Amino acid sequence: MSGLALNGLSYRYGAKKALRDVSFSVAPGTFCALLGPNGAGKSTLFALLTRLLVSAEGRIEIAGHDLARHPTRALGQMGVVFQQPTLDLDLTVRQNLRYFAGLQGLGGRETDARIAEVLGRLDMAERAGERARDLNGGHRRRVEIARALLHRPTVMLLDEPTVGLDAASRAAITAHVHALCRDEGLTVLWATHLTDEVKATDQLVILHQGQVLRDGRAGDIQGGRSLTELFLDLTGETA
């Protein structure tokens, strides 16, 4: 299938097993929240999806491409927003995007057209000439999402993208990414430990101690309970 598919994925750090037979799939146009407490294995999973780590156990398909057999094709279909900010603060928004476009082999008028396109999607067009240093945290995140969209991926990974943002900025970022799924057919895997970032209509994968505890529509998994209460019960975390 297109979209994203993981089957039987496991990974060890020495004697410690960080992921245990992780399997789930995300259909095109779906926002999938990967919900887990710190230490659940989310970062390890993202490292495997981006080939920062490689496992001999399991299979990953990105937009129909086997990551192990065809890594260039698979990774070419993926955009990534990491937890730690990576913008050059002394460059303008446009300069940051042009630099990344050059790394992707884009140039000339095509680059300018794509930059205008992605900034428009994220309501950032009017800030193209501002230095990244002068933007607030929420707007910097929007620039990072725009940058990840420049090469027109079909799958987007976002690793705890709202860490450190205020409530209004968090809500705006999640709304923008949901709109990309709805309007552009983007497949999104959104890693978080915050239950209020998950909508009842989202796909929800709950990861704990390297294992998938639940996978399905968030509203169905909740079964009338609050997601926070269910999450705390499943993971043994405290509020």
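Leaving aside residues up to four places away in sequence, which residues does Ile145 touch?

Modeller: Happy to! Please keep in mind that this is a predicted model. Not counting residues up to four places away in sequence, Ile145 touches Val81, Leu122, Met156, Leu158, Ile173, Val177 and Leu180. Let's step back to see the setting. The largest nonpolar core has 42 residues, and Ile145 is among those with the most contacts inside it, along with Met156, Val188 and Leu204. Helix α5, which spans residues 137–149, gives the most to this core, contributing five residues. At least three core residues come from each of domain 1 (1–77 + 155–239) and domain 2 (90–152). Another core lies apart from this one; it has 27 residues, including Val26, Ile60, Ala74 and Leu189.

Now for the sheet. Six strands form an open sheet in the order β6-β7-β8-β3-β9-β10, and their pairing is mixed. At its edges stand β6 (78–81) and β10 (211–217), each with a single partner strand, so one side of each has no neighbour in the sheet. From one strand to the next, the twist averages 15°. The partner to look at here is β7 (residues 155–159): it runs parallel to β6, and four bridges join the two. You can find Met78 opposite Val155 in β7. Finally, back to the helix: α5 packs on the sheet, where it touches both β6 and β7, and its direction makes about 160° with that of β6.

Note on methods
Residues numbered from 1 in each chain as written. Predicted model: local features only at pLDDT ≥ 70, side-chain atom pairs only at ≥ 80, totals over all residues. Heavy atoms only, no water. Core = buried A, V, L, I, M, F, W, Y, C linked by side-chain atoms within 4.5 Å. Buried < 20%, exposed > 50% of the residue type's maximum accessible area, 1.4 Å probe, protein only. Domains from an automatic or database assignment. Contact = heavy atoms within 4.5 Å. Pairing = 2+ DSSP bridges. Axes fitted to C-alpha atoms, helices over the stretch in contact; angles between N-to-C directions.
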